[in-house]
Amino acid sequence: MALKKISLRSRIFIAMILLVLLASILIAAVTIYQYHEEAREYHADRLERKESAIRRSIDHVLDETSFEVITEKIPFIFKDEIYSIANIHGLQINLYDLEGQLLKSSKATLQRDTLNQCLSAEVLNQITNTAEHRYVIKNETNGKVFQSSYSFITDEKFKNIAILNVPYLQDDDIFDRELNEFLLRLSFAYLAMILAAIVLAYFISKYITRSLKTISDKMNEFRLEKRNKKIEITSSSIEIETLVKSYNGMIDELEESAVQLATSEREQAWREMAKQVAHEIKNPLTPMRLSVQSFQRKFDPQDENINQKVSEYSNTLIQQIDTMSSIASAFSNFAKMPAQQSEELNVVHVVKLALDIFNENYIRFEPEAKEIIANFDRTQLIRVVTNLVKNGIQAIPEDSEHPKIEVRVFNDGDNVNITVEDNGSGITDENKPKVFEPKFTTKTSGMGLGLAMVKNIVETYGGSITFTSEYEKGTIFTVAFPKQ
């Protein structure tokens, strides 16, 4: 799990360093193995060369001797010559009969008790049954490695008359010294190579991941609601270039889709708004038509109550005309974007002015201080407060025993907060996502544009509006906007 959290750049860096270390260890291991193999081959060849030279010296002695060349005469033939041959070649020489009994040795008499006086059956079988009639034993004593070769000595008729044993000490001091010197020089080379690899890995990993970092940053900056910039990379690999082309192509497709979606949403919104306005206008037109038709049928200039009836018909028409006017005003106010005419004002004073137009005695105003200064448009702020309070009044049932609306103004860091709390019917969970949608309303009258207009105003000034509500217990709307 921890490895998955490591960045690609770190993985490339670590992989390159590990690769260099692994290569260094492998080269060192191969070097050590090669030195040991060369030392082994060197000692095997040297023993064979020494043995061949000793055999030539022995053959020369056998050719020059006056004794009969048989096994029994070997101690007499090599009585003194064996020491001369051993001194010449610098090696110990032991001669055994064909049964494996020691006949003669160049080793001092006082040290002979340490020699094997009789050869083992294994040695005899090996030199007898192998094609080369030669057998080499390797053993270690007191930390030193010895090789002993065993082979037959023959007479001039190639008849075996004795067994030659040449013990050989493998002196690896020279090889070990050369190996240590070589490894020391190699370690300095490895150290320099590792340092160079670290620097090289750093820049290579940085170069490889630079393009990916650019792509990652662009993807992190990607937003659906704004115009996104394309990625521009001058030099990169084919894979990175393919990825960049795919990303840029996606940006083009998303922008085209966003334009189409925005156009479609605007058209749909205006169609829905037009349907709503047409529906609201048709409602007063019907009673107006019926009133006019009734007036036409029942109009009698001689009627003594004609003036009263004309007045009633006129009042009905005026009432319906006012309804149509209010519908047109509501639509106009929503469609008109609030102008950002910020001015420095006392929010507490403006909110109090907005509340003065209401006659309900259950509206309470609780400011945190007498003066809270902020930059806002006075008219728009009044519209926000009056719409929220009016919304709260309409949410309280007419038969409520203890109606309550509390309006508070207080500081919240660099923001000013205005809360409007009522104990009305509340908002159901089903309707909460639709509260700020245009034309949504749960009331029997109105177009449902009030909260949508408030949200539009507040967000224009960089603020926000939220609410919390509990069904049949009440709702709290909170408006927050920056002081500056």
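# Reading sheets, helices and ring clusters

Reader: Which strands form the open sheet, and in what order?

Author: Five strands make up an open sheet in the order 2-1-5-4-3, with antiparallel pairing. Strands (E, at least two residues) and helices (H or I, at least four) are DSSP runs, numbered from the N terminus. Two strands pair if DSSP finds at least two bridges between them. This is a predicted model, in which local features need pLDDT of at least 70 and side-chain atom pairs count only at pLDDT 80 or more, while totals for chains, interfaces and linings use all residues. Residues are numbered from 1 along each chain as its sequence is written, and side-chain values use heavy atoms, with hydrogens and water left out.

Reader: Which are the edge strands?

Author: Strand 2 (102-105) and strand 3 (134-141) are the edges, as each pairs on one side only. From one strand to the next, the twist averages 25°. Strand 3 pairs with strand 4 (residues 144-154) over eight bridges in the antiparallel sense; in one of these, E140 has V145 of strand 4 as its bridge partner.

Reader: What packs on the sheet?

Author: Contact means heavy atoms within 4.5 Å. Helix 4 (residues 121-129) packs on the sheet and touches strand 3, strand 4 and strand 5 (160-170). The direction of helix 4 makes about 145° with that of strand 3. Axes here are lines fitted to C-alpha atoms, for helices over the stretch in contact, and angles run from 0 to 180 degrees between N-to-C directions.

Reader: Which residues of helix 4 are buried?

Author: Buried means under 20% relative accessible area, exposed over 50%, and partly exposed in between (1.4 Å probe, protein chains only). In helix 4 the buried residues are V123, L124 and I127. Seen down the helix axis, they fall within an arc of 100°, so they line one face of helix 4. The arc is that of the directions from the helix axis to the C-beta atoms. On the other side, A121 and N129 are exposed.

Reader: How do the side chains point along strand 11?

Author: They alternate along strand 11 (residues 464-470). Strand 11 forms a hairpin with strand 12, with three residues between them, and E472 in the turn has a positive phi of about 65°. The two strands pair in the antiparallel sense over seven bridges, strand 12 being residues 474-482. F467 has F477 as its bridge partner in strand 12.

Reader: How many aromatic pairs does the structure hold?

Author: Rings of Phe, Tyr and Trp (its six-membered ring) pair if their centres lie within 6.5 Å; planes under 30 degrees apart count as stacked, over 60 as edge-to-face and the rest as tilted. The structure holds four aromatic pairs. One of them, F376 with Y461, is stacked, at 4.3 Å centre to centre and 25° between the planes. Its members are 85 residues apart: F376 is in strand 8 (residues 373-376), and Y461 is in the loop between helix 10 (450-460) and strand 11.

Reader: Why is the pair of F376 and F481 called tilted?

Author: The ring centres of F376 and F481 are 4.6 Å apart and the planes are at 50°, so this pair is tilted. Both F376 and F481 are buried. Ring pairs link F376, Y461 and F481 into a cluster.
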